[in-house]
Amino acid sequence: MLVLMLALPFAGFASAQCPAEGHTVVLKAPAVSKTSDGQLVGVATDFVITVAPGSGHVYVETWPLAQVDMQASARLAAQTAGKVLGIDMSKYDVFIQIKADAPIIGGPSAGGTMTVGIIAALKGWKINPKVMMTGMINPDGTIGPVGGILEKASAAHSVGAKLFLIPEGQRIQYVQQTQKKEIGGIVEINTKTEKVDVIKYAKERWGLQVVEVKDIYQAVYYFTGHRIPRPEVPAYTKIDTSFLKGDAIEDYQNTTEYYRTVVRNLKDSDVSYETYTTLMAALNQAQGILNESKKALDDGMYYTTLSKDFQARIIIRHVDWYMKTSTQEDVQRLLRYTQNQINQSEEFVSGLQIRGITMLQAVAAAQQRVEEAKSLLDSAWKYYYSGDYWDAIGDAAYAYERAKTAVFWAKLGERFAKGDVISRETVKTTAREYIDESNLIVTYIESMYGNVAGDLQSSIQQAEQYYEDGKYSAALFTAMEARVQGQVFLDTLGITNMTVLFDKLAEMKTDARTAIGLAQKGGIKPILAMAYYEFAESYEKSAREKNDINDLQTAMIFYQYARETAGLFLGNSTSPSASVPSGSDTGVPQIIVPGGSNGSTTSTTVPASSEASGETGWGLVAAVAIGAFLVGALTGKKL
């Protein structure tokens with residue numbers, strides 16, 4: 001009777017399923033909740049997931065209401081499960097019930113768990129109740145970073161979990177410790193940041209085994225004991241931007257000639273000494289960028305050459321146009337001239353018929369750049385009406401050059417046009433998915449760490465506006481970039497150890513390369529992804545030479561851009577990685593931990609020694625790391 005009474009509440013929750021057929025799995029996931037004084041605490045949540053024949057709907061019920069909407073993450077989990085298994089999810093309905101004892105900050109951190117549950121329900125596999133996991137699910141099947149790892153480990157232990165899975169690369173967490181001392185009636189408060197190895201801490205304190213997992217293939221095995229066949233990794237992946245060589249050579253020559261012309265004009269002008277020195281300093285900056293462009297050209301990095309030319313040209317045009325203005329009417333004329341260029345670019349881009357995924361990606365990038373140019377011109381007009389003509393001309397020059405790059409990308413797409421015409425609805429659907437998931441991640445960051453992602457939230461709002469205006473490509477790319485920056489933020493939070501960051505960078509680079517290889521294997525030439533990959537390499541090289549954290553974070557951003565864009569609009573964009581541990585393929589598995597007592601030696605974790613080596617200045621508070629990230633994420637103007 002006692003056992004029955006204890007089981008009844010959860011049995012009623014599990015039985016409240018709409019479909020009369022299908023499979024149901026029950027599993028737990030850790031989350032975090034905020035106390036009345038703002039402290040984060042770990043809480044366990046119950047997930048009841050049912051998959052049944054249907055028409056592609058995903059239904060989510062939470063109790064109590066989550067502080068972060070889980071609908072977008074649940075939808076992405078269902079889509080990813082279908083991709084991994086090769087199943088058409090439009091023929092199934094997914095029902096997800098989530099129950100917790102407190103309002104949770106859930107959202108994306110349960111994405112991996114939901115994906116595992118959906119896969120298990122689709123296949124009719126049993127779930128090991130002693131396994132729990134935290135981690136986002138990415139569209140390519142990788143497990144993305146989350147916050148509150150220590151709190152979630154505590155929650156996993158509190159409900160009897162024996163194995164806790166966390167995203168790869170997150171075993172080291174940074175926590176703030178506040179100490180108070182009273183000396184002669186004066187209270188001294190000191191705050192310091194401490195490094196915690198979650199794997200060691202959880203084992204020593206609770207006997208809880210913590211294992212890092214890279215992707216859903218590993219996670220599914222730990223939960224079910226079943227292996228899902230992985231996509232074959234391309235034996236050879238070639239990433240080069242030789243398709244841009246002619247463009248790069250011509251662009252460098254034209255930009256260099258433009259620079260020389262403006263220098264001559266400045267020397268021949270009658271501007272004052274103060275103005276002359278200011279403008280010449282700007283041109284010297286442009287010359288330095290052109291030197292970087294020439295080096296990239298000599299090294300065969302053609303997209304980097306084009307991007308450096310673009311950066312230099314903004315400065316050169318700013319100086320050129322400033323010398324040509326002496327009245328308000330002159331400034332107005334330049335702004336109207338820029339508007340005409342934007343109009344022409346938009347007319348050209350919007351008039352294209354998109355054929356094939358390669359062209360679609362290029363044209364989508366072009367449409368985003370048109371919208372960026374419009375936003376820059378709006379800013380220029382605001383500067384103009386406030387009487388700030390220098391900045392008005394600067395933003396106009398930037399807008400003009402950005403509009404020109406839109407035409408470049410559109411024409412590049414035309415070169416690679418191949419295949420069927422792609423409908424506008426395809427872009428619209430994909431844009432909606434990226435906006436929802438990106439918004440979820442940004443909201444999650446704010447819920448966990450406060451208002452530290454203002455620029456990311458602005459990007460989401462901009463993406464929503466593009467979507468409402470029917471500019472789906474611009475909405476898609478704007479949301480994708482915000483999503484990537486949010487993920488890199490979570491993955492690097494509190495880390496200032498360059499050795500650790502370079503290790504994370506190497507992992508991102510490998511993922512990007514694999515994604516590009518899979519796209520190529522599918523018959524797609526991912527020109528945008530290859531361009532971003534090369535651009536990331538240029539910043540990686542600079543970061544290693546200067547040991548510069550901003551260049552390193554910019555490289556991370558662009559490697560992630562490359563990974564994401566390589567998989568855009570592809571149905572099989574899963575990203576293979578290291579193999580999972582061996583073991584039984586039937587029934588509910590025994591808990592298998594790398595290096596554990598079962599004798600398995602396969603390990604997906606990072607050695608603790610890698611964290612200790614080269615440690616410099618990790619005692620900075622998290623707020624400083626946040627600021628450094630946001631600076632780094634916004635650098636690196638791309639073509």
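## Burial and the chain as a whole

A residue counts as buried when its relative accessible area is under 20%, as exposed when it is over 50%, and as partly exposed in between, using a 1.4 Å probe and protein chains only. By this rule, 55% of the chain's 639 residues are buried.

The structure is a predicted model: local features need pLDDT of at least 70, side-chain atom pairs count only at pLDDT 80 or more, and totals for chains, interfaces and linings use all residues. Residues are numbered from 1 along each chain as its sequence is written, and side-chain values use heavy atoms, with hydrogens and water left out.

The chain has 20 helices and 11 strands. These are DSSP runs numbered from the N terminus: helices are H or I with at least four residues, strands are E with at least two. A contact means heavy atoms within 4.5 Å. Of the contacts between residues at least 6 apart in sequence, 80% link residues at least 24 apart.

## Strands β8 and β11

Strand β11 covers residues 209–213, and because 4 of its 5 residues are buried, the strand is largely enclosed by the rest of the structure. Strands pair if DSSP finds at least two bridges between them. Strand β8 (residues 163–167) runs parallel to β11, and 5 bridges join them. Within this pair, F164 stands opposite V210 of β11.

## The loop at N547

Between α17 (527–546) and α18 (549–567) lies a loop that contains N547. This residue is not a glycine, yet its phi is positive, at about 55°. N547 has 47% relative accessibility, so it counts as partly exposed.
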